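Trainee: Hi, I've got a model open and could use a hand reading it. Can we go through it together?
Mentor: Happy to, bring it up on the screen.

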Amino acid sequence: MDPCTRLLLALLLVVPALAQQTWVVDRLNRPGTHFTDLPAAYAAAAPGDILQLRSTGTAIPWILYTPPPLIDKGVKIVGEHATPTPIIGGNLYIRNLPAAHTLVLAGLWFNPHYGASPSIGAQDNAGSIVFEQCKFGDRSCGSFGPNLWFTRCALVTFSQCQLFCCGFAHRFEDCLLHANDTEFR
């Protein structure tokens with residue numbers, strides 16, 4: 001095969017890999033919804049895809065999103081810029097994220113008031129984990145904040161986040177941690 005044909009074939013294989021899909025996840029199943037359940041949306045997503053979580057609105061703030069049982073590919077899970085911020089309840093576990101992958105969690109509220117105190121854990125990740133404009137717990141500490149632990153992670157970034165410990169000590173072991181404009185309490 002000549003070099004031009006090889007180059008054309010390589011480009012044809014790379015271009016679909018660079019394409020990304022945006023999936024709308026809405027617990028209320030409003031028009032334009034692809035999924036009502038975050039685990040199902042994550043299972044359908046390819047690396048690089050965006051999962052857009054819609055706000056449940058002010059009338060029903062207790063409706064929350066349950067995370068997938070395991071996150072092991074680089075996707076972007078973003079909350080809709082609305083009030084209230086989409087709420088994640090339950091345990092979030094990130095493991096074996098490949099080196100070429102970046103997991104982004106943006107505009108989300110990990111809130112223990114709406115269910116059991118969540119745990120966010122990450123272990124053995126060669127890829128990057130980025131939290132942008134996320135809130136963990138709340139200022140009142142009326143209940144415990146989320147338990148955060150990260151072990152053997154190449155890079156964990158918190159950018160413009162608020163983390164309220166409320167009795168929990170966050171643990172980072174063998175990780176590169178970067179915090180930018182982030183409040184730890």
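Trainee: Anything to know before we start?
Mentor: This is a predicted model, where local features need pLDDT of at least 70 and side-chain atom pairs count only at pLDDT 80 or more, while totals for chains, interfaces and linings use all residues. Residues are numbered from 1 along each chain as its sequence is written, and side-chain values use heavy atoms, with hydrogens and water left out.

Trainee: Okay, the sheet. In what order do the five strands run?
Mentor: The order is β4-β7-β9-β11-β13, in an open sheet with parallel pairing. Strands here are DSSP runs of E, at least two residues, and helices are runs of H or I, at least four, numbered from the N terminus. Two strands pair if DSSP finds at least two bridges between them.

Trainee: Which strands stand at the edges?
Mentor: β4 (87–88) and β13 (183–184) do; each has a single partner strand, so one side of each has no neighbour in the sheet.

Trainee: And how many bridges join β9 to β11?
Mentor: Two, between residues 135–136 of β9 and residues 162–163 of β11. K135 stands opposite Q162 in β11.

Trainee: Switching topic: where is D26?
Mentor: D26 is in the loop between β1 (22–25) and α2 (38–44).

Trainee: Is D26 buried or exposed?
Mentor: Buried, because its relative accessibility is 0%. The cut-offs are under 20% relative accessible area for buried, over 50% for exposed, and partly exposed in between, using a 1.4 Å probe and protein chains only.

Trainee: What does D26 touch?
Mentor: Leaving aside residues up to four places away in sequence, D26 touches T33, F35, T36, R54 and Y65. Contact means heavy atoms within 4.5 Å. Also, a polar atom of the D26 side chain lies 2.9 Å from the backbone nitrogen of L28.

Trainee: What about T85?
Mentor: T85 sits in the loop between β3 (76–79) and β4, and is partly exposed at 31% relative accessible area. With residues up to four places away in sequence not counted, T85 touches G107, L108 and W109.

Methods. A polar contact is a pair of N or O atoms within 3.5 Å; within protein, one must be able to donate a hydrogen and the other to accept it, and residues adjacent in sequence count only if both atoms are side-chain atoms.
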